[in-house]
Every structure is written in C-alpha cells, then in structure tokens.
Amino acid sequence: MRSSTTTDPCSLTAGSAISGLVGNTPLLRVSAPLAPAGRGFWAKLEGFNPGGIKDRPGLHMVERARARGDLRPGGRIIESTSGTLGLGLALAGMVHGHPVTLVTDPGLEPSMTRLLTAYGAQVDVVAEPHPAGGWQQARRDRVQRLRDLHPGSWCPDQYNNPDNVAAYTPLALELAAELGHIDVLVCSVGTGGHSAGVSRVLRRLYPALRVVGVDTTGSTIFGQPARPRLMRGLGSSIYPRNVAYELFSEVHWVAPAEAVWACRRLAVSHYATGGWSVGAVALVAGWLARTSTADTRIVTVFPDGPQRYLGTVYDDDYCAAHGLLGSPPAPEPEVIGSLDEKEVIRWTRCTTVVDPLSRPRAPRNTGAEEVR
C-alpha cells in the first residue's frame, strides 16, 4: 500500500514502485443533491487505485499464495472475473512475474478486454451461460478446464478465498484513521470480500457499527431468485462464501436505472463518480443521510471510477435502449420483512439478513448472471 515515509526512488524495484501506487485513496464528503445541505456521507474513492478497489485483493491473494508455496515462481494465474479483479490480477502478475489468464463472458465491455490485454493478460470468453449458475458458473467451470491444461497453475477463487477478505484490512484502517469514528458502513456486495474485510475490522473498533449491504436486483446473494442482470461488479448468481451475512444490519437491492440516476447526479455535482456499484451505494448512503440524525457518521466505498462505463452508464443511447433514463428513484425504498418475501424489481430494503444456504429451502439459481 502507499506509504507516507520517504523512500529513495532509485532504491525501488519496478514491482515495488508499481504496487506502491495502491492504497491511501482519497475520501470525499458527498452531500446535495443525494442528501440535504448540511447532511451527507463520506465516500472512499477506490477508483484512485491504478485499477480500482480490487488491486488490493489481487496483490494480497497472489502474495499470500506465493508465501505458502501454492503459487510457484512463474506459475500461471487463472481466474474468473467480470472485470475489476482482472485488473488487480494483471497488476499482481506484472509485479511478481506470473502469466495471467482471465475468464470472462460476452458482457465484459470491449474497452475492458482491450485494457486487460494491453496489461499482458490473456482473456478467455465463455460462449454460453451455465443452465443453473449463469455466466458466473460457466466462467468457473472454464477456469477448472484451463487449470487442467496448465499444470502448476493457481486460481485465487475470489468467491471463497479468505485472503480476499483479509486484503481489505488496510482499507478499514485507513477509514478509521481518517474519520476517527464511524456509525454506518455502506458496501456493495459481490464476492463479499470488501464488505466482510472492512466491516470485520471496523466492528471491532466500533461495536455499535451498522453495516448496510447493497445488492442488485436479480442477484441470489441475499436469497432472491437469479435473473439476467445488467449491472456488473455487484451481485452474483452463486452464493459466495466470503459474504459475512452475520455482520449485516440490513440489505438494499437497487435496480439499474436507479444506479444510473445516482451515478449521473454524482458526476454533475461532485466530479467524482463511477460505475454500477458506485451508483447503488450512493443512492442508499444518501437515503441514510436523509433519514438518520445529523450527527450520524456514514461512510461508503466507491469501488471504481467512471472510465469503464462510458459506453454504458454514461452513454445516452445505451441507457435509452435499456430503459434506464427517465424519472428519478422513489424517495424511499420499498420494505420487505424477509429476504424471500417477494421478488424485488426496484430499490428495496430488508432488515432481516440471513445466509440463504442456512434455510431449509434456498432459492434455486434459474437465470444467467450479467448481461450487456
């Protein structure tokens, strides 16, 4: 992570100089129009890392695997990704001298494919979704087949790897040092890594901390049925075991049009915005700022910046074609009493959070994961 100490630039290796760009990202106060004047929330701008928030676990998982001997010198890294972790693994491969193969699906933006290739990664695209687990399971199945073809290769398994969670300890400590006290943490949830990693550390520091998870409609993570999903970077069509269900005070689901609205409002008002996850957490954090007491200290994490989404979130033709432009979101979320009370299709809130796999009958994955 970035260090505040002075180092002789001539003493740095190329790898340490590159990895030193990760961490100590800026913190921004966000207020109107997402929250009333005088109210607001703090946003950690992880898009200021070279590739976004997943530079942190990309480097950490590789370094821990190398230390244990799971990843041998020169061994190939093979992983499934919807984009951002791919950047982190490309960075780690560059720093530590590993070839990288990234398995993705047709929903990955062409600009991201070109960028990953430019960084030296091989990009492998699956052609068909898995009939039950969607694109995500299809990608994971391809990873296993590629590993069979490359003896000595290593897969980070970001969905279940505890090193993915541990990678976010520095992020949590940065937030604690910068803010001094935190009442509410708002996190998007995909693999479960950053929500679990940050909340576990902050809950030890602030036992009364409320943790608010933000998912997308059509995601199975919190017990909803799997449906085709437009938003990438949050949500899942499988059940990642890194998700720390026991730490969440509540969960919100956000629909694509609602995330687009928040992204665009952030862009014109704060010059700091990002992709689907950013819009989703900003919408929820703004509502919390409006409905909590004025002295409540709310923080959220913006996982990336806007550049990847110029052809989607910030493209009027794309948004119009997918019905994402029009009225702003409702001022309040719909409320349901249990995670599977009904299928949610708009911004919705539930204050009872349990692991879907702990229930007698968990919803079956019936749809594809992300779609363009």
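Which residues are buried in helix α7 (residues 169-179)? Select the helix: Leu171, Ala172, Glu174, Leu175, Ala176 and Leu179 are buried, where buried means under 20% relative accessible area, exposed over 50%, and partly exposed in between (1.4 Å probe, protein chains only). Helices (H or I, at least four residues) and strands (E, at least two) are DSSP runs, numbered from the N terminus.

This is a predicted model, in which local features need pLDDT of at least 70, side-chain atom pairs count only at pLDDT 80 or more, and totals for chains, interfaces and linings use all residues. Residues are numbered from 1 along each chain as its sequence is written, and side-chain values use heavy atoms, with hydrogens and water left out.

Next, show what covers those buried residues of α7: the cover includes β1, β2 (41-45), α2 (55-68), α8 and β9. Then step to Gly180, which follows α7 and has a positive phi, near 80 degrees.

Now select the strands. An open, mixed sheet is formed by eight strands in the order β1-β2-β9-β6-β7-β8-β11-β10; two strands pair if DSSP finds at least two bridges between them. At the edges are β1 (27-30) and β10 (334-335), each pairing on one side only. Strand β10 pairs with β11 (residues 348-350) in the parallel sense, over two bridges. Pick Val335 there: its bridge partner in β11 is Arg349.

Finally, select Tyr119, in the loop between α4 (110-118) and β5 (122-125). Tyr119 counts as partly exposed because its relative accessibility is 40%.

Methods:
Contact = heavy atoms within 4.5 Å.
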